[in-house]
Number of protein chains: 2
Amino acid sequence: MESRHRVVILGGGFGGLYAAKALRNAPAGVTLIDRRNFHLFQPLLYQVATGSLSPGEIAAPLRSVLRNQKNTTVLLGDAVDIEPGANRVLLRDGGAVEYDSLIVATGSQSAYFGHDSWREWAPSLKSVEEATAVRHKILFAFEAAERTEGPAERIAWLTFAIVGGGATGVELAGALGEIARRTLKDEFRKFRPEEARIIVLDSAPRVLSSYPEDLSHKAEQQLIDLGVRVRTGVRVVGVDAEGVDFEGPAGKERLAAKTVLWAAGVAPSRFGQVLAERTGAPTGPRGKIAVNPDLTLPGYPNIYVVGDQALIPGKGGEALPGVAQVAIQGGGYAARAVLKRIGGAREIEPFHYRSKGDLAVIGRAKAVADIWGLKFSGLAAWLVWLFVHLMYIVEFQNRVLIFVQWGFEYLTWSRGARLITGAAATDTIGGLKPMKNREADLGE
Amino acid sequence: MESRHRVVILGGGFGGLYAAKALRNAPAGVTLIDRRNFHLFQPLLYQVATGSLSPGEIAAPLRSVLRNQKNTTVLLGDAVDIEPGANRVLLRDGGAVEYDSLIVATGSQSAYFGHDSWREWAPSLKSVEEATAVRHKILFAFEAAERTEGPAERIAWLTFAIVGGGATGVELAGALGEIARRTLKDEFRKFRPEEARIIVLDSAPRVLSSYPEDLSHKAEQQLIDLGVRVRTGVRVVGVDAEGVDFEGPAGKERLAAKTVLWAAGVAPSRFGQVLAERTGAPTGPRGKIAVNPDLTLPGYPNIYVVGDQALIPGKGGEALPGVAQVAIQGGGYAARAVLKRIGGAREIEPFHYRSKGDLAVIGRAKAVADIWGLKFSGLAAWLVWLFVHLMYIVEFQNRVLIFVQWGFEYLTWSRGARLITGAAATDTIGGLKPMKNREADLGE
């Protein structure tokens, strides 16, 4: 047993989990290491941030998912460094793990265009803690608006700026529009929640800029129908406790908003950055790590990088996007490549990504789809979105829970998980002031 | 409108929420103030702590529950002081709220027999944050046991001490027994989870000491069947990161346990303590506030105290316990008393508690019941427990979600919300060390 090929997988997201599953019957000892004990279904994280789902409903314990895979060990650990010459990964607690093949699937983290101080006032959506922080900020803003007496102050509490008009930004904005118009209806006595102003800021000329142009326009129209304002072609130059500064064709502007949410830049994970440094791997735009056609690192044929942080050229030459499908297919590919090499193969066919298309949801019966060679929007796109997301939810139990939650939300517009919780809850309520992210609360 | 009688309710737990609901059609302006935006179904909090349910599933937004009650305003605020002469409650952010009648339902907090330093190593079960902290500690202990190499170290990680053998302690211990024996089965490679040692420590001669003696013995037997060890007649004298010290008939003992959970003493809320001071109300055992037969404070006929922190003599003269039923009935009574006084009544019939009996659950098909004049245990008691708890869950949506979660747990022994999250997650994983409670994370 000891002489079995040792495959170490870093990260239990889509890339890592699908790699591990593909090694189910492998003649190898597999070790999956993650800082968290659960796989997170990240595409639905915005629904945690907007009170529709609970974190537990979009998470599945890695151990439980892989329990019957006897060749696989799951370890809780934080990989912080690597000695690629010695085939060794170093953990933060001083432990070390040796590998024969390494699959790096540590994902991406949010990046603030070089302004790390913005993070403290504009949480993003990368972890459960960040999602509950966003939820806290959104729900607390309405509570504070009920408590405050000054009209200008109330408007600032009821103004929500979302930086970034990609899928996450659009989904957040649409959900916020529904919260203000439907979920919170009749719940306040001093103002009408529909008065809330929701503004999406993006530097691109249109939202969902990686989608076909007509779908972008449909998405924008659907957002407008929910009362969301879209400001494209503007560049954010400042974020603080009281609002956001941006520059556009009309010059510099200031938006007074006590709630600023970040759905813009990403960068490779901390481990990915260390890996690039230690192996001398070249990096591309947004710091993505350039890989060989078989997803290995130049000079290290036993180190695979999959998912968000790998720079993989697609059909048209542009880099593949950081979406679940790319990670899922990359993880599976890397696992099969390891298997083939264990089996003695010298030539491995290059990774070939089969796009399943793009889907973004804006609200009830509001979505855009570019799949199966078809472009469509509205109810049909929304139904496809619902179906696809329910099907990919890892655990059957979660699927039923989410179905129940969504069913109720559909019938009542209510949201099942509207909690202001977390370390910061007491602070903000004490002073009626905007929540400040604390480093320790958020992690990467 | 401005001359309406102003009823202020502090706290949105069972007492406060049922008081507010009873004032639905009152010719009065009602203001409900809570530090949280949600009602928490506290009897199921131990299921959050043991990974069966998500916090959102046992919480209902107060605003949403009371949305159609037009005479009622819900405010997020932290009441920290009172000027009983001026009929004014002071909030932590500097705000003040005036009342004509005040219903105080701010509940209890955990107390550590005067040793506040124990809190940092032994979280209790009073808030959502504490429940997720307990969940963190329990799940992390098994993870650390998989990572550690030393046998003594592993045993300490696999030892769980629960201080207190009342309903909460017994429920926690039973759930832990099932986690170790069933939920985590086959999930670890270095040890068998059934090796975990779960020990309940109580100073009373038996667990559930307020229950009839034969039910206590049945409960103890059911715990033993789940592998739990019960140590009664022992007094805890120390808690630290590595274990617990206690004294019993056999002298002083030390139990090496990296996980210590607190299910013992409670004390009135911080506001309750301030209230007693400002009004000179006498306090009894455990700091409970003595009230008149109509639940008002001596000398303050417009201030009612209901729920956990009120000292109310029961039939036999002993104080009513801090359970949901006492709070629910007290809240409803106080609301009706206020209404009668608005209507001109001079004489108010004293509060009379109708006990609905006692129920405690240990595990699947394991429970004890003392209701409807009957004492029984096992499957029947468990089914009654399930039914009663599902019926009392405030929102219909939650009821269905919990039913689904429980249904799956029944079929598969899996638990739907096994997440290690929170501010402390990164710390502990970094150093493989037990989690330390941080003041800010826990609140009261």
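Select B:Ile199 and look for what it touches: leaving out residues up to four places away in sequence, the contacts are B:Ala161, B:Ile162, B:Arg229, B:Arg231 and B:Leu255. Contact here means that the C-beta atoms, placed from the backbone, lie within 7 Å. Before you go on, know that this is a predicted model, where local features need pLDDT of at least 70, side-chain atom pairs count only at pLDDT 80 or more, and totals for chains, interfaces and linings use all residues. Residues are numbered from 1 along each chain as its sequence is written, while chains are lettered from A and ligands numbered from 1 in the order in which they are written.

Stay on B:Ile199: is it buried or exposed? B:Ile199 is buried, because 20 other C-beta atoms lie within 10 Å (buried takes 20 or more, exposed 12 or fewer, partly exposed is in between). B:Ile199 sits in strand 12 (residues 197-202) of chain B; strands are DSSP runs of E with at least two residues, helices are runs of H or I with at least four, and both are numbered from the N terminus.

Next, hop to chain A and pick residues 14-22 (helix 1) and 324-342 (helix 9): their axes come within 7 Å and cross at roughly 35°. Axes are lines fitted to C-alpha atoms, for helices over the stretch in contact, and angles run from 0 to 180 degrees between N-to-C directions. Among the residues that meet are A:Phe14 and A:Tyr18 from helix 1 of chain A, and A:Ile328 and A:Arg336 from helix 9 of chain A. That contact holds nine nonpolar, five polar and one charged residue (nonpolar: Ala, Val, Leu, Ile, Met, Phe, Trp, Tyr, Cys and Pro; charged: Asp, Glu, Lys and Arg; polar: the others, Gly among them).

Now find an open sheet of three strands in chain A, ordered 23-24-25 with antiparallel pairing; strands pair if DSSP finds at least two bridges between them. Strand 23 (358-363) and strand 25 (374-377) of chain A are at the edges with a single partner strand each, so one side of each has no neighbour in the sheet.

Conventions:
Contact = placed C-beta atoms within 7 Å.
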